[in-house]
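Have the chain open beside you as you read.

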Amino acid sequence: MIATILPSSMTFHAVDYNERKVSEGVAELLEMKNFGFIGQIDSYTPDQLKQYLTKYTYRHNQRIQSPQFHLAISCRGNEYTYEQLLDIAHQYLKEMGYGEKGQPVLIYAHHDTDNNHLHIVTSRIAPDGHKIDHNQERIRSQEVINRIMGESQEQRASETVKKALEYRFSTVNQFKAILESSGYECYDRDDSLCIKRDGHVMETLPMTTIQQHCQTFEPDEKRRKQLRAILRKYRDMTADKEELRTLIKQKFGVDLVFHGSKDKPYGYTIIDHPNKTVLKGGEVLKLKELLQFQPREERLHRMDEFIDAMLEDNPDLTTRELNRMLRRQFGTHISKGRIAYGEEFIELKDYQVETFQANDRKAWQQEHPLEQKNTVSHHSSEQHPSKPNRHNMPKPYISKEGSRDQNREWEVNHKTNYDEVDDEQQSSSIHI
């Protein structure tokens with residue numbers, strides 16, 4: 001695990017850096033906390049984020065010269081999921097003094113290297129106006145990351161192994177797949193299985209113990225058909241197997257563990273965590289069929305189906321949540337009822353626009369209960385618009401009007417020196 005404190009700044013230029021990555025389709029905004037109304041209803045711009053951070057900072061403290069705090073947290077490969085990295089980031093910020101209520105924080109997930117990593121941008125000023133302690137920052141940061149990563153690692157590994165033994169699996173390799181889905185490496189040594197993480201062996205398990213838990217069983221046919229339908233549906237919504245794997249894990253708690261090289265897997269295993277069962281992937285959906293992903297252009301022109309499917313899974317889906325998916329898959333976003341795609345626009349259906357407006361309003365009211373008391377009462381009775389029959393509707397309309405992508409406009413004539421905040425720069429790296 002590496003924690004890198006990147007250069008500070010007067011202008012919060014780390015926002016430009018991270019939003020440039022978003023616009024290139026190699027990053028996504030995972031979390032925006034305590035930024036008022038920005039991004040609640042419509043999309044945001046990098047300038048809005050920087051202006052908010054600047055006003056927040058100098059409203060509380062006018063003496064600070066370089067208020068930006070910019071941190072990168074990275075792991076080896078996909079040893080930790082982005083959800084796990086997010087948990088680590090929250091704990092790190094709290095222990096370093098950046099976790100107070102009201103602290104504006106941006107957390108981005110970057111996908112431009114082989115290592116899962118996050119970038120965090122916030123102000124060095126706390127909500128009560130004091131400057132967050134930066135004395136011996138590198139030393140304290142080292143201590144914090146060591147403490148987070150070292151806390152009960154062996155105990156956690158032991159608990160993971162114990163839970164894995166509760167699953168139904170038929171081979172030792174399937175048991176290994178359960179542990180690998182939790183971020184562990186497994187290898188045989190003598191008559192034992194060594195379970196490794198962060199370069200250290202956390203647990204050693206006799207092979208006889210694993211073999212005693214192996215069992216022959218017939219998978220539930222109803223569940224197998226359900227998983228097959230899920231894989232086919234979300235295969236057509238994603239660009240590659242890694243994106244499919246992430247989406248299936250997030251939505252259904254099901255892991256896909258691929259075997260072989262990254263580009264040419266020869267098979268895969270399904271870890272059905274909700275049912276504590278391990279299945280041979282090929283018995284659910286053949287690998288060749290699983291990897292038949294739709295071209296980007298085809299998925300783009302079926303955008304109405306994609307959005308309908310997302311709303312079917314989550315009727316309360318907000319514009320921000322959908323934009324996160326769109327940025328990851330297409331490097332674009334929704335703004336003013338349409339999706340920007342290069343110099344063209346895809347118009348959303350009226351019922352989709354109305355649904356997102358109602359969901360955004362509902363989400364805002366839930367996040368701002370005090371302000372809600374002052375809103376017009378009829379807003380609280382918003383109902384989801386009824387969805388017309390999609391089969392009788394035309395395909396998405398694409399209009400050519402010149403790009404108005406707000407997330408790209410700021411790049412023109414901007415003089416930010418991105419070399420100062422490059423991913424590879426190790427101004428203060430902490431390894432463990």
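Q: Why is aspartate 190 called exposed?
A: In this predicted model, aspartate 190 has a relative accessible area of 75%.

Q: What makes the phi of aspartate 190 worth a look?
A: Its phi is positive, about 55°, although aspartate 190 is not a glycine. Most residues other than glycine have a negative phi. As for its place in the chain, aspartate 190 lies in the loop between β6 and β7.

Q: Why is asparagine 34 called partly exposed?
A: The relative accessible area of asparagine 34 is 35%. Buried needs under 20% and exposed needs over 50%, so asparagine 34 falls in between and is partly exposed. Asparagine 34 is also a residue other than glycine with a positive phi, near 65°, and it is found in the loop between β2 and α2 (46–60).

Q: How do you know that β6 and β7 pair?
A: Two strands pair if there are at least two bridges between them. Five bridges join β6 (residues 185–189) to β7 (residues 192–197), so the pair qualifies. The two strands run antiparallel, and glutamate 185 stands opposite lysine 196 in β7. β6 and β7 form a hairpin with two residues between them, and aspartate 190 sits in the turn.

Q: How do you know that β7 pairs with β8?
A: The count is six bridges, in the antiparallel sense. Pairing asks for at least two, so β7 and β8 meet the rule. One of the facing pairs is leucine 193 opposite leucine 205 in β8.

Q: What makes β6 and β8 the edge strands?
A: Three strands form an open antiparallel sheet in the order β6-β7-β8. β6 and β8 (200–206) each pair on one side only. The twist in this sheet averages 25° from one strand to the next.

Q: Which strands form an open sheet with β10?
A: The order is β9-β10-β11, and the pairing is antiparallel. Here the edge strands are β9 and β11 (277–280), each pairing on one side only. The twist averages 25° from one strand to the next. β9 and β10 are joined over seven bridges, against the at least two that pairing needs, so they count as a pair. In β10, tyrosine 268 is the bridge partner of phenylalanine 258.

Q: What makes strand β1 mostly covered?
A: Four of the five residues in β1 (residues 2–6) are buried, and buried means under 20% relative accessible area. β1 runs antiparallel to β3 (residues 68–74), joined by five bridges. Isoleucine 5 has leucine 71 as its bridge partner in β3.

Q: Which residues have the most contacts inside the largest nonpolar core?
A: They are Leu231, Tyr268, Ile270, Phe306, Ile307 and Leu322, in a core of 35 residues. Elements that each supply at least two residues of this core include α8 (221–235), β9 (254–260), β10 (265–272) and α14 (319–330). The largest share, six residues, comes from α13. In soluble globular proteins, nonpolar side chains tend to be buried together.

Q: Why is it called a core?
A: The name is given because its members are buried residues of nonpolar kinds, joined through side-chain atoms within 4.5 Å. A second, separate core has 29 residues, among them Leu93, Ile107, Ile145 and Ile148.

Q: What makes a space a cavity, and how many are there?
A: A 1.4 Å probe fits inside but cannot get out. Four cavities of 30 Å³ or more are counted. The largest has a volume of about 70 Å³, and α14 gives the most to its lining, with four residues. By class, that lining has two nonpolar, four polar and three charged residues.

Q: Which residues line the second largest cavity?
A: The lining includes Glu28, Glu31, Tyr44, Arg320 and Arg327, around a space of about 60 Å³. β2 supplies the largest share, four residues. This lining divides into three nonpolar, no polar and five charged residues.

Notes
Residues are numbered from 1 along each chain as its sequence is written. This is a predicted model: local features need pLDDT of at least 70, side-chain atom pairs count only at pLDDT 80 or more; totals for chains, interfaces and linings use all residues. Side-chain values use heavy atoms; hydrogens and water are left out. Buried means under 20% relative accessible area, exposed over 50%, partly exposed in between (1.4 Å probe, protein chains only). On a 1 Å grid over the protein atoms alone, a cavity is a set of points where a 1.4 Å probe fits but cannot get out, and a pocket is an open set with protein on both sides within 12 Å along at least five of seven lines; lining residues have an atom within 4 Å of a point. Grid points are joined across faces, edges and corners, and a volume is the space filled by probe spheres set on the points. Ala, Val, Leu, Ile, Met, Phe, Trp, Tyr, Cys and Pro count as nonpolar, Asp, Glu, Lys and Arg as charged, and the others, Gly among them, as polar. Axes are lines fitted to C-alpha atoms, for helices over the stretch in contact, and angles run from 0 to 180 degrees between N-to-C directions.
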